[in-house]
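This report looks in turn at a strand pairing, a helix crossing and a pocket. The sequence and structure come before the discussion.

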Amino acid sequence: MERTEMQLSRRGMLAAALVAGAAGVAAPAFAAAKKGSPGTVHGASFLLRNVLLETGYRREGTDVVGTETAKASVLVRDGKIAAILAADAPAPAGTTVRDGAGMLLLPSFRDMHIHLDKTFYGGPWVPPRKRTGGIRGQIVLEQTLLPQMLPTLEERAGRLVDLLQSNGTTFARSQCNVDPVIGTKHVELLKHALDQRADGFGHEIVAFPQHGFISADLIPTMRAAMAAGATHVGGIDPTTLDGGMEKSVDAMMQIALDMNKGVDIHLHEPGASGIAAIGRITDTVAHEPSLRGKVTISHAFSMMSLPVPEMEELAVRLASQQISVASTLPFGGRVMPIPVLLDQGVKVYTGTDSVEDHWSVFGSGDVLEKAKLACQLYGWSDEYGISQSLKIATGGPTPLDAAGRQAWPKAGDAADMVLVPASCSAEAVARLSPRKAVFHAGNLVAGTLGAEAI
């Protein structure tokens with residue numbers, strides 16, 4: 001049988017199996033993901049000439065009315081920014097020169113909440129079905145669906161990484177199922193796939209106990225997932241799904257302490273029980289300072305129910321323990337209090353969550369779109385507010401800091417960057433400017449640029 005026929009046959013068999021086994025939900029098969037050196041990043045070296053950098057804000061009185069920019073060259077050595085040079089600076093002998101075509105240089109983006117292991121992206125359209133039984137109903141579906149998707153997990157994840165890179169994202173924190181049906185297989189396969197792409201994409205992996213932590217008796221399996229390469233201990237709604245807030249939270253935090261890992265919990269549950277879980281997590285970090293800066297609360301919908309004074313008090317506590325929040329910026333009758341969190345110094349991340357899977361078909365894989373959504377939700381409608389919203393997409397770095405001083409790029413920064421045809425950050429966010437060239441550790445991972453050796 002010819003190679004093409006073999007590929008088509010494999011696709012057909014997998015699709016047929018999934019149709020039969022997952023109540024009409026079919027998963028596609030894909031071409032193999034890009035491969036590189038497992039787990040080790042090899043950075044590139046070159047001179048990036050003719051790029052636009054932001055240098056400050058233009059003001060009328062105290063109002064920001066524009067963004068100042070200047071042309072420059074950026075010298076990259078072994079995957080890091082070595083120097084910012086004059087636009088016409090000569091290239092060091094033997095250095096490859098790339099032409100930035102006058103485009104704006106921005107820090108590349110970070111998707112800090114996504115499920116790379118459960119996507120249908122890149123394959124045939126899978127008709128979404130009505131949910132029955134809420135989260136628990138979806139979990140029942142997964143018990144049949146996920147084992148049958150295992151043969152194509154690495155290929156599917158690779159296609160989704162391609163999409164993220166094309167949108168300017170070069171780092172993702174992926175939630176990754178750990179459950180009684182698939183055990184640690186998702187963690188093992190996803191880690192292998194992402195290690196193969198280390199030159200072009202950075203990652204963290206959260207071992208996510210989708211079926212429950214305590215209720216599914218997953219403590220030994222979660223420890224095994226940490227040993228298999230997960231960087232964060234996950235969790236899920238300890239009261240409404242896991243059946244015991246104290247036991248669930250304490251088990252999650254104890255594994256993180258024992259194995260020197262981070263924490264990232266899915267906390268969907270609203271109201272008092274969600275706030276109680278946040279309180280217990282925060283108290284634990286206060287008593288265990290080694291966890292500071294290593295704990296993230298994802299979703300945190302319960303914060304939407306708090307009056308502003310109580311939310312401010314909670315935000316101060318979170319900031320004091322360096323606990324971050326990852327939000328997909330949901331919109332509806334209530335919105336997340338992101339401005340309060342930011343005002344009190346809490347680090348806020350965003351992510352695209354589900355990208356075409358059995359949970360949702362609406363994820364775009366574009367975190368710059370999330371920055372634009374934040375501007376619309378929170379009224380960040382002037383040049384300053386839109387410009388600073390870029391931190392939602394980058395996970396923190398912006399070309400200009402809050403005072404308007406040039407903050408990025410600096411010598412020593414990773415050469416994780418993206419070129420866009422825009423005059424400033426505010427334009428890039430508001431117009432979702434195309435990502436024309438995307439670099440990770442100096443390696444061009446999406447788009448095209450001319451180059452010549454001198």
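## A strand hairpin

In this predicted model, Ala437 has Gly447 of strand E16 as its bridge partner. The pairing to which these residues belong joins strand E15, residues 437–440, to strand E16, residues 443–447, in the antiparallel sense and over 4 bridges. The hairpin of E15 and E16 has 2 residues between the strands, and Ala441 takes a positive phi near 50° there.

## The crossing of H6 and H7

Helix H6, which covers residues 245–259, and helix H7, which covers residues 271–287, have axes that come within 10 Å and cross at roughly 40°; the crossing is right-handed.

On the side of H6 the contact involves Met245, Glu246, Val249, Asp250, Met252 and Met253, which meet Ala276, Ala277, Arg280, Ile281, Thr284 and Val285 in H7. By class, the residues of this contact comprise 8 nonpolar, 1 polar and 3 charged.

## The largest pocket

The largest pocket has a volume of about 1,100 Å³, and its lining is made up of 45 residues, of which Arg131, Ser354, Asp357, Trp359 and Ser360 lie nearest the centre of the pocket. Two or more residues of the lining are given by helix H2 (134–149) and by helix H10 (367–378), with H2 providing the largest share, 5 residues.

When the lining of the largest pocket is divided by residue class, 21 residues are nonpolar, 15 are polar and 9 are charged.

How values were computed: Residues numbered from 1 in each chain as written. Predicted model: local features only at pLDDT ≥ 70, side-chain atom pairs only at ≥ 80, totals over all residues. Heavy atoms only, no water. 1 Å grid on protein atoms, 1.4 Å probe; cavity = no way out; pocket = protein on both sides within 12 Å on 5 of 7 lines; lining within 4 Å. Points joined across faces, edges and corners; volume = space filled by probe spheres on them. Nonpolar A, V, L, I, M, F, W, Y, C, P; charged D, E, K, R; others polar. Axes fitted to C-alpha atoms, helices over the stretch in contact; angles between N-to-C directions. Left-handed = near helix turned anticlockwise from the far one by under 90°. Contact = heavy atoms within 4.5 Å. Pairing = 2+ DSSP bridges.
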